Amino acid sequence: MTHSAALSAAGFTDAELTGGTLTVRSPIDGAEVAQLVETPAAEMLAVIARAKSAFTAWRKVPAPRRGELVRLLGEELRAAKDELGALVTLEAGKITSEGLGEVQEMIDICDFAVGLSRQLYGLTIASERPGHRMAETWHPIGPVGVITAFNFPVAPWAWNAALALVCGDPVIWKPSEKTPLCALATLKIFERALIRFGDAPEGLLQVVVGGAELGEALVASRDVPVLSATGSTRMGRAVGPKVAERFGRAILELGGNNAMIVAPSADLDMALRAIVFSAVGTAGQRCTSLRRLIVHESIREELVAKITAAYSSLAIGDPRAEGTLIGPLIDKAALKGMQAALEAAQAQGGKIHGGAIAAGVTGGAYAAPAVVEMPAQTEIVREETFAPILYVMGYETLDQAIALQNDVPQGLSSCIFTLDLREAETFLSASGSDCGIANVNIGPSGAEIGGAFGGEKETGGGRESGSDAWKGYMRRQTNTVNYSSELPLAQGVKFDI
Ligand code: UN1
């Protein structure tokens, strides 16, 4: 599909795509696809005020009814899956299947959130006083700011928004400047759900288009009690303290430096498939991408040979073409970053296989994936480079492997390939992987929405998506009700007047 066909299939008119100051390019060929009108920074107070007023109405709508809106959103996303998936491909450069997969992730979280809308369970707590009852109740908290990154232009928004909406919170979405079209197309889909829903307050979902100053307005506002941000650790370092300063709640999903330990007992063919998908899928631009391979010395050479052989047959090129497995990097700067990392790795003793600039489509930034054998976990290995570079290191004992895996600043995802139960359970134990995600015989990327998603250390500590991540979008209230005619004090305190 041509760019203009993909844009009109996603519902854009020419007028919407022209006349503004934000240039949007497709990483497929670097072509300019839109000049979008930006949200003036001065308008942010009005945007936030609109969300605040939507909140006063939406919080009173029963949660299962709020769930109905998200159910309709899921239906509309199902209907628009191909078009939105193609737009993800156009704007983020993902191969077709991964573009569709991202939309499926949105649909999945909608389904999850619909069920959740009838399960925002509180607790009943035993009171120590006679004739008293204690409870814990979860209430909507207020507008939620959602800042998303280019590499997953829509799914992380959906993890946040589907939960926030059933929890009773309006959403203000600041997408990456590199992928605003995906956000605007999602808004159109959401608006179709809103029309079918009927009586939702105005301002439940607003998309703001533009640069960092828009995000900064959300970060600074006391009227945005929850700020969920996906992106680099550098961005999180700027956002986190500012939100904390005003006692807001930041949900941060930042960099990863994800490892796989391959033990001697591993099923190597399975490990190989997992390695290739997680290291080169999305051209190595997932926060969950496999970046470090920690492999037992006894199988190291064999595995490196298998990976380099597999890499040599991967189709690199136009992500829309059938059979392509590696599309473009987001832009030329990303390609430069990859080359700089490879140079640094070489200077730090690395032996590089692959990693050359690839032809791809003229105007795009394409690269062959690289495997780099490292003598140790040097400085460059400890950094997250958003590109298909896989550093390989050897180990002798599992303790060493786990120590190496944990000895990086980031803590998002991790995995072990082993058929040894003791090794697998040790890896998952309190003294095993220190990451938010730890898998056995599965790669580190491609998590399902049912689990809580996020990680520790410089990954930011936030949790989104499944499990009880919904609690991050609500305020907790402890209730004590006295139905007796006495007024006993807790802890046996006497205070007679
Ligand atoms: C991201 O890269 O920001 O686990 C999110 C995965 C996807 C989400 C990645 N479900 O790889």
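At what angle do helix H4 (residues 81-92) and helix H5 (residues 96-116) pack, and how far apart are their axes? The views below take that pair first, then the domains and the ligand. Everything here comes from a predicted model, where local features need pLDDT of at least 70, side-chain atom pairs count only at pLDDT 80 or more, and totals for chains, interfaces and linings use all residues. Residues are numbered from 1 along each chain as its sequence is written.

**View A. Helices H4 and H5 pack together.** The angle is about 120 degrees, with the axes 8 Å apart. Helices here are DSSP runs (H or I, at least four residues), numbered from the N terminus; axes are lines fitted to C-alpha atoms over the stretch in contact, and angles run from 0 to 180 degrees between N-to-C directions. H4 and H5 are therefore oblique to each other (under 35 degrees is roughly parallel, over 145 roughly antiparallel, 65 to 115 roughly perpendicular, the rest oblique). On the H4 side, the contact (C-beta atoms, placed from the backbone, within 7 Å) includes Lys81, Leu84 and Val88, and H5 brings residues including Leu100, Glu102 and Val103.

**View B. The protein is assigned two domains, domain 1 (3-254 + 462-478) and domain 2 (258-440).** These bounds come from an automatic or database domain assignment. The C-alpha centres of the two domains lie 30 Å apart, and their contact takes 15 residues from domain 1 and 20 residues from domain 2.

**View C. The ligand sits among residues including Glu105, Phe152, Arg286, Cys287 and Ser445.** Domain 1 and domain 2 each supply at least three residues of this shell.

Key: A residue is near a molecule or strand if its C-beta atom, placed from the backbone, lies within 6 Å of it. Helices (H or I, at least four residues) and strands (E, at least two) are DSSP runs, numbered from the N terminus. Two residues are in contact if their C-beta atoms, placed from the backbone, lie within 7 Å.
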